[in-house]
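This note is written for a colleague who is meeting the structure for the first time. Please keep the sequence and the model in view while reading the points.

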Amino acid sequence: MKNVKYFILLFALAFVSITNVNAASITDVKYKDNKFQITGTGTGEVQIVVFDKTNSPIYMSTVTSVDGIFNSTLPSIDNIVEGDYTFKVSDYDGSNVNSKAIKIKSNKIYVQKTEHGTVTVDKSEAINGKKITISVTTEKGYKLKSLTGNYYVYSEGAILIGDPADMDNAYIASGTVTKKDLLISDNSFVMPDDDPYTVTIKAEFEKESIKDVVSNIDVTNPQTYDGILLYVIITIIGISGLILVGLKLKGKHIK
């Protein structure tokens, strides 16, 4: 009889274990492209709640698992900043609560010094997925030749000696730093998903040619090139309305 009781108890424990195999559980959480991506296991509908670093709930959703697995990409949540975020999932009835925390870090943005113009960014550091806007101001008589960027991914324990805004002349005292290209489009870029890293923006300016200067001249907008005033003169001939546009250069009329 005693053996029968042990068998019944073992059977019950095994049954509980089997029934909890598909209980709500988080497998992985990532923050990419300004959105949280969550994967896990569960049966039927699973509840997801996101808590910020103050342990306040900031988002709640329900997702349906398929064949015991769920994948959910949450919509962009405003005001995500550096800090710890906790994700809790449960079965739809609130049972089998499981949680997982991730740390979101901000990464620094540097602008390399240059001549004949200035470059600024709207944020000196930001978390992954955030859009950064670049502003460029050129010195009079110069134009932007190129605007490029790189980001440098640091291995654990990496030590840099030098200016992170001038990585070409910096020295890696320990660990490794991997250089990667940064995609800049319409004077903006999105912070990459690697971590940790630093971003360096580089600009190069060059002297305007006389062709560049002339292309900006109109009747109300004279230009100066090497100290020479360039402006448009208009001559109307007869009543036909024929207009001749010329360029005044050192007192000479060029047609």
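1. Basis of the note. The model is predicted: local features need pLDDT of at least 70 and side-chain atom pairs count only at pLDDT 80 or more, while totals for chains, interfaces and linings use all residues. Residues are numbered from 1 along each chain as its sequence is written, and side-chain values use heavy atoms, with hydrogens and water left out.

2. Strand β2 and its neighbours. Strands are DSSP runs (E, at least two residues), numbered from the N terminus, and two of them pair if DSSP finds at least two bridges between them. Strand β1, residues 25-32, runs antiparallel to β2 and is joined to β2 by seven bridges. Lys32 has Lys35 of β2 as its bridge partner. Strand β5, residues 69-73, also pairs with β2 in the antiparallel sense, over five bridges; here Ile38 is partnered by Ser72 of β5.

3. The two faces of β2. Across residues 35-41, Phe36, Ile38 and Gly40 form the covered face of β2. Lys35, Gln37, Thr39 and Thr41 form the uncovered face.

4. The hairpin turn. Two residues lie between the strands in the hairpin of β1 and β2, and Asp33 there has a positive phi near 55 degrees. Asn34, in the loop between β1 and β2, has a positive phi near 70 degrees. Most residues other than glycine have a negative phi. Asn34 counts as buried because its relative accessible area is 18%; buried means under 20%, exposed over 50%, and partly exposed in between (1.4 Å probe, protein chains only).

5. Asn79 lies in the loop between β5 and β6 (83-91), and its phi is positive, near 65 degrees. Is Asn79 buried or exposed? Asn79 is exposed, because its relative accessible area is 67%.

6. A cis peptide bond. The bond joining Asp195 and Pro196 is cis, with omega about 0 degrees. Pro196 is found in the loop between β16 (188-190) and β17 (197-207). Most peptide bonds are trans.

7. A nonpolar surface patch. Ile159, Ile161 and Tyr171 make a nonpolar patch of about 320 Å². Patch residues have over 30% relative accessible area and no salt bridge; like charges are joined within 9 Å, and nonpolar side chains (Val, Leu, Ile, Met, Phe, Trp, Tyr) within 5 Å. A salt bridge is a side-chain nitrogen of Lys or Arg within 4 Å of a carboxyl oxygen of Asp or Glu. Areas come from the Shrake-Rupley method with a 1.4 Å probe; for residues, only the protein chains shown count as cover. Tyr171 belongs to strand β14, residues 171-174, and counts as exposed at 52% relative accessibility.

Methods: Helices (H or I, at least four residues) and strands (E, at least two) are DSSP runs, numbered from the N terminus.
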